[in-house]
Amino acid sequence: MTQTIPRRDFLLGSAALAGAAAANAFTCVEIASAAPITVPTVDKLSIRVLVDSSFDLFFRPKQINGVSIAPATRVGGDYRKSLHNEWGLSLWLESEGGGNQRTLMLDYGYTPEVLLNNMALIGVDPAKLNALIVSHGHYDHFGGLNGFLDKFRDKLPADLKLYAGGEDNFCHRVSPTPTQGQFADFGTLDRRQLAAQKVTTVLCETPTVIADHAFTTGKIARRSSERVLPNTLVEFGIKDGLGCNAGHYLPAEMEGKIVPDEHIHEHATCFNVRDLGLVVISSCGHVGIVNSVKQAQEVSGIQKVHAVVGGFHLGPAPKDYLTQVVSEIKALNPDVVVPMHCSGLNFAQEANAQMEGKVVVTTTGSRLTFGL
Ligand SMILES: [Fe+2]
């Protein structure tokens, strides 16, 4: 459901924001340490796709370059219920290392209805979760979060943390409409609701170790030929506690202006799997999938890339740009590439052409296993 909002109303509403941002003080917010991290090593990692755009009944288990891919498994025998698919992504991450198991959830799909339906059918246990991660401030990645918390908050750790990439994740997003001068609302990740659920948000502009097993890239440098392809627009500022503090990183005069969305604080979630190397999970990759992998290499000091996984936002890419990006991924020499969500069929075809035997296809419910 989109709401069309005249640009003039945005600007009028934003004019009152400047003071609010300056006085901004949120409870339930932590800033990640700027100290260098020690990257943990896990023995095994599995990624279960809770929400993606499609499901394939005839998907069969397979092994590609040491990575196991299993189809959806279902709990219960009610044939009338089906996994649902939608534009959005949610991943369930389970790791083993140091004699411990850890479970994380990365992104929450577009709607809680789909997320909760699929969690129940797949049979994942929220009581096992150690922490939550959100990749960036797009509704197709956080839309299911509040419904998930409404249903499961009492099963989750009392000191639950949501690891976000930074302040930018909380900015208001809008989409351009065919009508000049108007925007369609694309939502805002609301930290007031997170605070009400007693979830502490950690702003991870710097690399951050999560639950002793995973690490985030922190803010991703734009160091390749990649550019942010057209997506939403973003409004900097806070109104009634909703929105992002523009004074954190932008000149105050930026407040209230609606500008192309650069996803300043989109971050990637990563693991170092023993003897295999990095698994880099990019949920939407607006900042560039090559940039994301190189950031993971830099902050970890580990060059070997085992897998590049997730949304690469190359669906709208022009052909010559796509060809160039795929060649740069190839140069990183990953063992497998696992495109999901917004990566695009065009990406899968080009990657198959340039990296034959390395492209792994998954659908909603699939489980990837790395290691052991
Ligand atoms: Fe997305």
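In this predicted model, the buried residues of helix α9 are covered by elements that include α8 and the strand β22 (336–340). Helix α9 itself spans residues 345–354, and its buried residues are Phe347, Glu350 and Ala351. Seen down the axis of α9, these buried residues fall within an arc of 100°, so they line one face of the helix. An α-helix has 3.6 residues a turn, so residues three or four places apart point the same way. On the other side of α9, by contrast, Leu345 and Ala353 are exposed.

How do α8 and α9 lie against each other, and at what angle do they pack? The angle between α8 and α9 is about 50°, and their axes are 10 Å apart. The crossing in which α8 passes α9 is right-handed. On the side of α8, the contact is made by Leu322, Thr323, Val326, Ser327 and Lys330, while α9 contributes Asn346, Phe347, Glu350, Ala351 and Gln354. Sorted by kind, the residues of this contact of α8 with α9 are four nonpolar, four polar and two charged.

Helix α8 (residues 319–332) also packs with helix α7 (residues 289–300), at an angle of about 25° and with the two axes 9 Å apart. That angle makes α7 roughly parallel to α8, and the crossing of these two helices is left-handed. Here Ile289, Val290 and Val293 of α7 meet Val325, Glu328, Ile329 and Leu332 of α8. The residues of the contact of α7 with α8 comprise six nonpolar, no polar and one charged.

| Helix pair | Angle | Distance between axes |
|---|---|---|
| α7 and α8 | about 25° | 9 Å |
| α8 and α9 | about 50° | 10 Å |

Another helix with buried residues is α3 (residues 112–122), in which Val114, Leu115, Asn118, Met119 and Leu121 are buried. These residues cover an arc of only 170° around the axis, which puts them on the same side of α3. The elements against which they pack are β3 (44–51), β6 (90–97) and α5 (145–152). Just after α3 comes Gly123, which takes a positive phi of about 90°.

Positive phi values also occur in residues other than glycine, and Asp107, with phi near 70°, is one of them. Asp107 lies in the loop between β7 (100–106) and α3. Is Asp107 buried or exposed? Because 30 C-beta neighbours lie inside 10 Å of Asp107, this residue counts as buried. His313 likewise has a positive phi, near 50°, without being a glycine, and its place is in the loop between β21 (305–311) and α8. With 26 C-beta neighbours inside 10 Å, His313 counts as buried.

A further loop residue is Arg153, which is found between α5 and β9 (161–164). Arg153 is partly exposed, because 15 other C-beta atoms lie within 10 Å, whereas a residue needs 20 or more to be buried. From Arg153 to Leu229 the separation is 76 residues in sequence and, C-alpha to C-alpha, 36 Å in space.

Notes. Residues are numbered from 1 along each chain as its sequence is written. This is a predicted model: local features need pLDDT of at least 70, side-chain atom pairs count only at pLDDT 80 or more; totals for chains, interfaces and linings use all residues. Axes are lines fitted to C-alpha atoms, for helices over the stretch in contact, and angles run from 0 to 180 degrees between N-to-C directions. Helices (H or I, at least four residues) and strands (E, at least two) are DSSP runs, numbered from the N terminus. Angles under 35 degrees count as roughly parallel, over 145 as roughly antiparallel, 65 to 115 as roughly perpendicular and the rest as oblique. A crossing is left-handed if the near helix is turned anticlockwise from the far one by less than a right angle, and right-handed if clockwise. Two residues are in contact if their C-beta atoms, placed from the backbone, lie within 7 Å. Ala, Val, Leu, Ile, Met, Phe, Trp, Tyr, Cys and Pro count as nonpolar, Asp, Glu, Lys and Arg as charged, and the others, Gly among them, as polar. A residue is buried if 20 or more other C-beta atoms lie within 10 Å of its own, exposed if 12 or fewer, and partly exposed in between; C-beta atoms are placed from the backbone. The arc is that of the directions from the helix axis to the C-beta atoms.
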